[in-house]
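Thanks for coming. I will take a few minutes to walk through one structure, so please have a look at it before I start.

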Amino acid sequence: MVLGAAVTGGCWLAVSLADGDASPAGEAFGTRGTLTLADSSFSLLAEEEDCTGLDGYSDIQRGAQVNVTGADGTLVATGELEGGKRTALGCEFPFAIEGIPQGSKFYTVEVSHRGGLTQTESELRSGGLAFTLGND
């Protein structure tokens with residue numbers, strides 16, 4: 001009888017630990033994306049290929065915060081814009097966000113105070129978020 005209880009207890013512990021490792025609340029994922037400023041909304045930095053936002057877009061620069069909120073509006077992860085590079089479309093700022101907890105019905109990603117894109121977990125996991133700001 002004692003042996004049976006010990007075996008049952010050991011099995012319960014193994015199942016509990018295995019379930020804990022698979023718990024959605026314990027896992028996190030990351031995403032990548034870009035924010036592009038249209039041609040008339042940025043300037044090139046002196047003697048470099050780097051660019052930064054102008055006038056009403058001066059908040060769009062290296063280090064600008066990128067926030068991810070869950071379906072309940074709670075901030076769940078943050079990242080920041082990397083340096084802007086001139087492209088055919090304008091000034092493109094890549095970003096990466098790590099540590100997004102899985103399991104929310106949807107997520108909203110917002111750069112600076114510019115409004116957010118709402119995405120499912122699957123869409124975020126695939127990356128490729130693309131924000132565009134500015135005047136052509």
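I begin with a strand pair: β3 and β6 run antiparallel and are joined by two bridges. A word on terms: two strands count as paired if DSSP finds at least two bridges between them. Helices (H or I, at least four residues) and strands (E, at least two) are DSSP runs, numbered from the N terminus.

Before going further, some housekeeping. This is a predicted model, in which local features need pLDDT of at least 70 and side-chain atom pairs count only at pLDDT 80 or more, while totals for chains, interfaces and linings use all residues. Residues are numbered from 1 along each chain as its sequence is written, and side-chain values use heavy atoms, with hydrogens and water left out.

Back to the pair. Within it, D50 stands opposite K85 in β6. These two residues also form a salt bridge, with the closest N and O atoms 2.4 Å apart. By salt bridge I mean a side-chain nitrogen of Lys or Arg within 4 Å of a carboxyl oxygen of Asp or Glu. K85 is in strand β6 and D50 in strand β3 (residues 50-53), so the link is between distant parts of the chain, 35 residues apart.

D50 has 14% relative accessibility and counts as buried. K85, at 42%, counts as partly exposed.

On the next strand, β6 pairs with β7 in the antiparallel sense over three bridges. The two strands form a hairpin with two residues between them. R86 has C91 in β7 as its bridge partner.

C91 brings me to the disulfide. The structure holds one, and a disulfide here is a pair of cysteine sulfur atoms within 2.5 Å. Which residues does it join? It joins C51 to C91, at 1.9 Å from S to S. The link of C51 and C91 is right-handed, with 100° about the S-S bond.

How many does the structure hold? There are four. As a general point, side chains of opposite charge can pair when their charged atoms come close.

Another joins R125 and E121, whose side chains meet at 3.0 Å, N to O. R125 and E121 both lie in helix α2 (residues 121-126), four residues apart, which is about one turn of the helix. R125 counts as partly exposed at 41% relative accessibility, whereas E121 counts as buried at 18%.

Next, a glycine. G116 lies in strand β9 (residues 116-119) and is partly exposed, with a relative accessible area of 41%. Contact means heavy atoms within 4.5 Å. Leaving aside neighbours within four places in sequence, G116 is in contact with T108, V109 and E110. The C-alpha atoms of G116 and N67 are separated by 8.8 Å, and these residues are 49 apart along the chain.

Now the chain as a whole. There are two helices and 10 strands, in the order α-β-β-β-β-β-β-β-β-β-α-β along the sequence. Of the 136 residues, 33% are buried. Among contacts between residues at least 6 apart in sequence, 57% join residues at least 24 apart.

Last, confidence. pLDDT is the predictor's confidence in each residue, from 0 to 100. The chain has a mean pLDDT of 80, and 74% of its residues reach 70 or more. Over residues 1-24 the pLDDT is below 50, and beyond near neighbours in sequence this stretch has four contacts in the model. Where pLDDT is low, the predicted coordinates should not be read in detail.

Note on methods:
Buried means under 20% relative accessible area, exposed over 50%, partly exposed in between (1.4 Å probe, protein chains only).
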